[in-house]
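Here's a quick briefing to read with the model open beside you.

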Amino acid sequence: MVFIAFAVSIAARALAGEEENGTLSLLLTQTIGRRRLVLQKYAAMVVTVAVLGLAFCSRCSWDGIRGTPVGAGKLADALLRLTLLGLAVAA
């Protein structure tokens, strides 16, 4: 749920936040196209969610697997899938 909520909030804030602040019209008057703007905002969201996924993976692999039957590979696989799910929902 953390990945989905974080990714959706980043995606909603990307363009709706600019419109709410009144800076979207100023941004769209620049020479970049709308498609490029949206792709850049999406790329920023992908990088942010990927960093969150890596942070969770590193934290859980150090602290979470001691004394549990779950291996580091399976834990990393699950976190990768959750990160991709968050990105898919936010897209």
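**The salt bridge**

In this predicted model, the side chains of Arg81 and Asp77 pair up in a salt bridge, 3.2 Å from N to O. By the rule used here, the count comes to one salt bridge.

- Both partners, Arg81 and Asp77, sit in helix α4, four residues apart, or about one turn of the helix.
- Arg81 is exposed, at a relative accessible area of 57%.
- Asp77 is partly exposed, and its relative accessible area is 36%.
- Asp77 falls in the partly exposed class because its 36% lies between the 20% and 50% cut-offs.

**The nonpolar core**

- Five residues make up the largest nonpolar core: Ala7, Met45, Val49, Leu87 and Ala90.
- Two elements, α3 (34-63) and α4 (72-90), each give two or more residues to this core.
- Take Met45: setting aside neighbours within four places in sequence, Met45 is in contact with Ala7, Ile10, Ala11, Leu87 and Ala90.

**Helix α1**

- Helix α1 covers residues 2-21 and bends by about 40° at Ala14.
- What's buried in α1? The residues are Phe3, Ala7, Ala14, Gly17 and Glu18.
- Ala14, where the helix bends, is therefore one of the residues with under 20% relative accessible area.
- Ala7 is on that buried list, and Ala7 also belongs to the largest nonpolar core.

Conventions:
Residues numbered from 1 in each chain as written. Predicted model: local features only at pLDDT ≥ 70, side-chain atom pairs only at ≥ 80, totals over all residues. Heavy atoms only, no water. Bend = angle between axes of the 7 residues up to and from the residue. Buried < 20%, exposed > 50% of the residue type's maximum accessible area, 1.4 Å probe, protein only. Core = buried A, V, L, I, M, F, W, Y, C linked by side-chain atoms within 4.5 Å. Contact = heavy atoms within 4.5 Å. Salt bridge = Lys/Arg side-chain N within 4 Å of Asp/Glu carboxyl O.
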